[in-house]
Amino acid sequence: MNIAPGIRLGSYEIIALLGKGGMGEVYRAKDLRLDREVAIKVLPADLANDAERLRRFELEARATSALNHPNILTVHDFGLHDNAPYIVAELLDGEELRAQLNNGALPVRRSVEYAQQIAAGLAAAHEKGIVHRDLKPENLFVTKDNRVKILDFGLAKLRPPRNVSAGSDVATAKQYTNPGTVMGTVAYMSPEQVRGQDLEQRSDIFSFGLILYEMLAGERAFQKQSLAETMAAIANEEPPDLSELNPKVTPQLEKIVRHCLEKKPEMRFQSARDLGFALEALTPPGSSGANRTEAVQALEPSTATKGSGWRDRLGWIAAGLMTLIALALGVAYIRRPALEAETVRLSVTPPETATSFDYPTISPDGRTLAFVATVAGKTQLWVRPLNSTTAKPLAEVGRVSAPFWSPDSRYLAYADSEKLKKIALDGGAPETLCDTQFNFAGTWNREGVILFGGATAGIRRISASGGAVTEVTTVDRSRGEARHLAPVFLPDDRHFLFANINNDRAKSAVYLASLDGGEAKLLQPLENLSFAVTMNPAAENEGYLLFVRQGVLLAQQYDFRRNQLAGEPLRLAEQVQTPDNFRRFSVSTNGVLVLIEGNANQQLAWFDRAGNKQGTVGPAGIYVDPRLSADNQRLAVGWREAQARGLDIRLFDLARGTDARFTFDSASDNWPLWSPDASRIVWTSSREGPGD
């Protein structure tokens with residue numbers, strides 16, 4: 001089915017055909033609602049002739065669209081065109097992994113990096129109960145910035161009942177595919193897949209092992225003359241030793257591949273997460289104390305030049321940031337500074353059954369992680385030592401802000417339901433320090449001074465033992481200033497940075513101020529409340545300002561003596577989440593960095609009272625505070641585009657399935673409230689001042 005340019009599929013306008021194959025055609029298209037380019041895959045029309053297959057396809061499309069992970073193709077939408085189903089996904093720029101493998105084996109380091117990303121994507125899918133069943137190099141896409149994306153997660157092909165033909169489910173020219181009682185691409189099948197047995201996540205792990213084997217060896221593990229011989233080899237034979245084909249493969253890496261390729265599922269890695277941990281524990285081949293900044297140097301061509309000095313020293317914080325599952329934390333812990341940096345990487349998952357997970361905050365000594373999570377209906381402040389596998393709750397909280405640590409890492413402070421409180425790490429009841437409007441974060445110095453911001457005020461000061469509250473900075477309404485938030489102490493314990501939020505969000509910026517008074521100094525523009533400061537242990541009076549710009553975590557040299565920035569920012573991580581402008585990363589004094597990485601988009605969804613998902617509302621996006629009208633026919637919600645600074649209100653007509661933007665001002669409009677008859681809306685705006 002060829003679709004001419006200019007044809008519309010719902011709100012998507014076709015631009016050009018990108019390619020075609022047995023499972024349909026792929027087009028470049030324009031999303032007219034969000035003004036972006038997307039990829040649309042139109043599947044064979046014969047799917048529409050089988051109502052059950054079409055129903056299962058739509059259910060699987062909806063389930064897979066909920067996978068929000070940087071290593072899985074993002075699915076935006078699903079629909080029908082002339083009775084043919086289509087899916088709408090992000091438009092990628094790069095090439096299939098197959099294109100790289102056509103040139104032979106990949107470098108060992110690159111193979112391991114790709115494998116880590118694939119394992120992370122598989123872990124995210126498996127935890128949602130989704131098994132790929134056709135993992136192969138053609139379904140792995142490498143973007144131009146070397147990010148691996150898993151494609152066709154049950155979307156490009158249905159999973160028909162056994163003994164039913166898979167229809168147009170055929171392989172590419174370089175692959176074997178049997179369209180009968182077994183499904184998938186034979187060269188990358190698991191033994192249980194070859195036998196036509198029921199499949200679960202460990203089948204994907206076998207396929208993963210075959211791909212990693214091919215990346216390292218330059219040839220397939222089981223490559224025979226016929227389909228039947230290949231299937232028999234997968235079920236009964238062992239592949240040649242990797243070390244014989246590539247002497248650069250270490251015994252540890254070969255052991256991981258062999259563990260993936262065990263014939264019996266119970267003998268393999270039992271989860272993609274376990275597999276990912278094993279890959280992360282590998283020491284890169286050829287690594288030594290003299291060259292362990294190689295991962296950082298690989299980032300530098302686009303951002304720095306040789307001999308850049310401070311950029312080289314930044315290796316102690318930037319080396320080897322990992323791609324992680326949605327709502328998981330990456331932790332990069334550097335044991336030694338400067339050019340002998342050594343990285344330990346951890347993935348920290350939320351507590352089991354957690355329904356929210358936020359505000360990751362690392363202690364100054366880099367040993368303990370604090371965060372806020374909701375479990376069984378209780379929102380609590382949690383802590384987890386990095387040398388432990390479990391987290392423990394410290395206190396139940398209400399409406400809470402990001403916690404912040406005492407400089408000795410023994411206490412946590414946080415704003416909870418208009419009270420500023422502190423609690424000891426070793427337990428005990430929280431202690432209230434003072435009343436406060438909702439606070440966005442604070443900072444605590446070695447002299448026992450706590451600074452914090454409020455909803456409409458400047459930065460205020462209180463002793464860590466309680467007492468009087470005094471104002472340190474004053475909001476200048478005549479200049480459009482709305483509030484001062486998120487202070488961060490500098491190493492001298494006198495100067496601090498803070499977010500100066502302006503009613504005109506384009507004028508919001510990071511400012512420098514002092515406890516000793518004086519006029520605050522403009523440091524740099526501010527896109528959101530995500531910024532922090534850390535020391536460089538290799539250079540006295542030098543450190544780095546970390547901040548997020550358009551979703552990218554950057555680090556820029558900071559001279560603490562002159563209190564000024566220098567040089568160009570260095571990219572540390574892509575797609576750091578700041579979905580509602582709050583901080584989603586934290587860094588310790590000695591260079592431990594924690595972050596929530598991945599696409600910040602959310603999906604509005606209906607759930608029944610048992611917690612079962614019933615359906616979705618609207619496209620994926622960034623939403624805050626949804627409110628239903630009294631008759632449940634309409635929805636108002638705070639919303640913003642991915643790179644926008646302010647919120648607007650969006651309205652959904654749930655009966656008709658339509659939506660429209662309600663406010664258009666450059667100021668922030670949020671917190672809508674319906675009148676009882678649903679004819680009017682009250683909301684909060686910063687058009688003429690904070691919180692009007």
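**Working through the model**

Author: A place to begin is Gln524, which sits in strand 27, the strand made of residues 521–525. Please keep in mind that this is a predicted model.

Reader: Okay, is Gln524 buried or exposed?
Author: Gln524 is buried, because its relative accessible area is 7%, and the cut-off for burial is under 20%.

Reader: And which residues does Gln524 touch, not counting those up to four places away in sequence?
Author: With those neighbours set aside, Gln524 touches Ala509, Val510, Leu545, Phe547, Arg549, Gln556 and Leu565.

Reader: Let me step back for a moment: how many helices and strands does the protein chain have?
Author: The secondary structure of the protein chain comes to 12 helices and 40 strands.

Reader: What percentage of the residues count as buried?
Author: The protein chain has 692 residues, and 55% of them count as buried. Its accessible surface comes to about 29700 Å², with 48% of that belonging to carbon and sulfur atoms.

Reader: And among contacts with a separation of 6 or more, what share comes from residues 24 or more positions apart?
Author: Residues 24 or more positions apart account for 48% of those contacts in the protein chain.

Reader: Now the helices. How do helix 5 and helix 8 pack, in angle and axis distance?
Author: Helix 5, which covers residues 201–217, packs against helix 8, residues 251–260, at an angle of about 145°, and their axes are 8 Å apart. The crossing in which helix 5 passes helix 8 is left-handed.

Reader: Which residues meet there?
Author: From helix 5, Ile205, Phe206, Phe208, Gly209, Leu212, Tyr213 and Leu216 take part, and they meet Leu253, Val257 and Cys260 of helix 8. Sorted by class, this contact between helix 5 and helix 8 has 9 nonpolar residues, 1 polar residue and no charged residues.

Reader: Changing topic, where is Asp493?
Author: Asp493 is in the loop between strand 24 (481–489) and strand 25 (495–502).

Reader: What does the side chain of Asp493 make a polar contact with?
Author: The side chain of Asp493 makes a polar contact with the side chain of Arg446, at 2.6 Å. Leaving aside neighbours within four places in sequence, the residues in contact with Asp493 are Asn445, Arg446, Glu447 and Leu515.

Reader: What about backbone angles: which residues other than glycine have a positive phi near 55°?
Author: Asp35 has a positive phi near 55°, and Ala376 also has a phi near 55°. As background, most residues other than glycine have a negative phi.

Reader: Where do Asp35 and Ala376 lie?
Author: Asp35 is in the loop between strand 3 (24–31) and strand 4 (36–42), while Ala376 is in the loop between strand 13 (368–375) and strand 14 (378–385). Asp35 counts as exposed, with 58% relative accessibility, and Ala376 counts as exposed too, with 73%.

Reader: Last one, what can you tell me about where Phe440 lies?
Author: Phe440 lies in the loop between strand 19 (431–435) and strand 20 (442–444), and it is partly exposed, with a relative accessible area of 22%. Phe440 and Ala402 are 38 residues apart in sequence, yet their C-alpha atoms are 6.3 Å apart in space.

Key: Residues numbered from 1 in each chain as written. Predicted model: local features only at pLDDT ≥ 70, side-chain atom pairs only at ≥ 80, totals over all residues. Heavy atoms only, no water. Helix = DSSP H or I, 4+ residues; strand = E, 2+ residues; numbered from the N terminus. Buried < 20%, exposed > 50% of the residue type's maximum accessible area, 1.4 Å probe, protein only. Contact = heavy atoms within 4.5 Å. Areas by Shrake-Rupley, 256 points an atom, 1.4 Å probe, with all protein chains shown as cover. Axes fitted to C-alpha atoms, helices over the stretch in contact; angles between N-to-C directions. Left-handed = near helix turned anticlockwise from the far one by under 90°. Nonpolar A, V, L, I, M, F, W, Y, C, P; charged D, E, K, R; others polar. Polar contact = N/O pair within 3.5 Å; in protein donor to acceptor, adjacent residues only side chain to side chain.
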